[in-house]
Amino acid sequence: MRTVRSVLGGVAVAGLLAVAGCGSGGDGAPDTARGSLERLAAEAGCRPDVQTDAAELRQAICADGARRYVLVTFATARGQAEWLDGANDYGGTYLVGGRWVAVGGAGDISALRDRLGGTVVDAAQGHGGGHHGHRMEGAGGLAGAG
């Protein structure tokens, strides 16, 4: 049986993925980058230190000068949606693109968006597992989901 949380999470993540797949929407950010972990890292200007290399996802730590973030690519959109749903419980700032996510500090993610496009998502810290308190900046401008 699906819980209310998983239904709400699916709706919230589906909306995120729909927005993340779009271009810049005229807000000055580049079109959302696509490709392998290595290609995204190259566009971001970092050399990826691969931590996880599995069939369903690849994860690397990237550093570009003082900026540091984690870059994750997914084999499927569903895998990305499930990862985002679970990660939402931890809060933080994410840059979401087509089958990829970057995680880091707000300043690092903002600078990375200038290179990779995508949608910035600030998940509310300690919100009890619900899907409220999101702030999204990106392809659709600024939107509040809660």
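The structure holds 1 disulfide, a term used here for a pair of cysteine sulfur atoms within 2.5 Å. The model is a predicted one, in which local features need pLDDT of at least 70 and side-chain atom pairs count only at pLDDT 80 or more, while totals for chains, interfaces and linings use all residues. Residues are numbered from 1 along each chain as its sequence is written, and side-chain values use heavy atoms, with hydrogens and water left out.

**First selection: Cys46 and Cys62**

Select Cys46 and Cys62, whose sulfur atoms lie 2.4 Å apart in the disulfide that they form. The pair links distant parts of the chain, 16 residues apart, with Cys46 in the loop between α2 and β1 (49–53) and Cys62 in strand β2 (residues 57–64). Helices (H or I, at least four residues) and strands (E, at least two) are DSSP runs, numbered from the N terminus. Both Cys46 and Cys62 are buried, where buried means under 20% relative accessible area, exposed over 50%, and partly exposed in between (1.4 Å probe, protein chains only).

**Next: helices α2 and α4**

Now show helix α2 (residues 37–44) together with helix α4 (residues 106–116), whose axes come within 8 Å and cross at roughly 105°. The axes are lines fitted to C-alpha atoms, for helices over the stretch in contact, and angles run from 0 to 180 degrees between N-to-C directions. To see the contact (heavy atoms within 4.5 Å), pick Leu40, Glu43 and Ala44 on α2 and Leu112, Arg115 and Leu116 on α4.

**Then: Trp83**

Move to Trp83, which is placed in helix α3 (residues 77–87) and is partly exposed, with a relative accessible area of 23%. Leaving aside residues up to four places away in sequence, Trp83 touches Leu57, Val72, Phe74, Tyr94, Val101 and Val103. If you draw a distance from Trp83 to Leu57, which is 26 residues away along the chain, their C-alpha atoms are separated by 9.7 Å.

**Finally: the whole chain**

Zoom out and colour by secondary structure to find 4 helices and 8 strands, which follow the pattern α-α-β-β-β-α-β-β-α-β-β-β when read along the sequence. Of the 146 residues of the protein, 38% count as buried. Among the contacts in the protein with a separation of 6 or more, 48% are between residues 24 or more positions apart.
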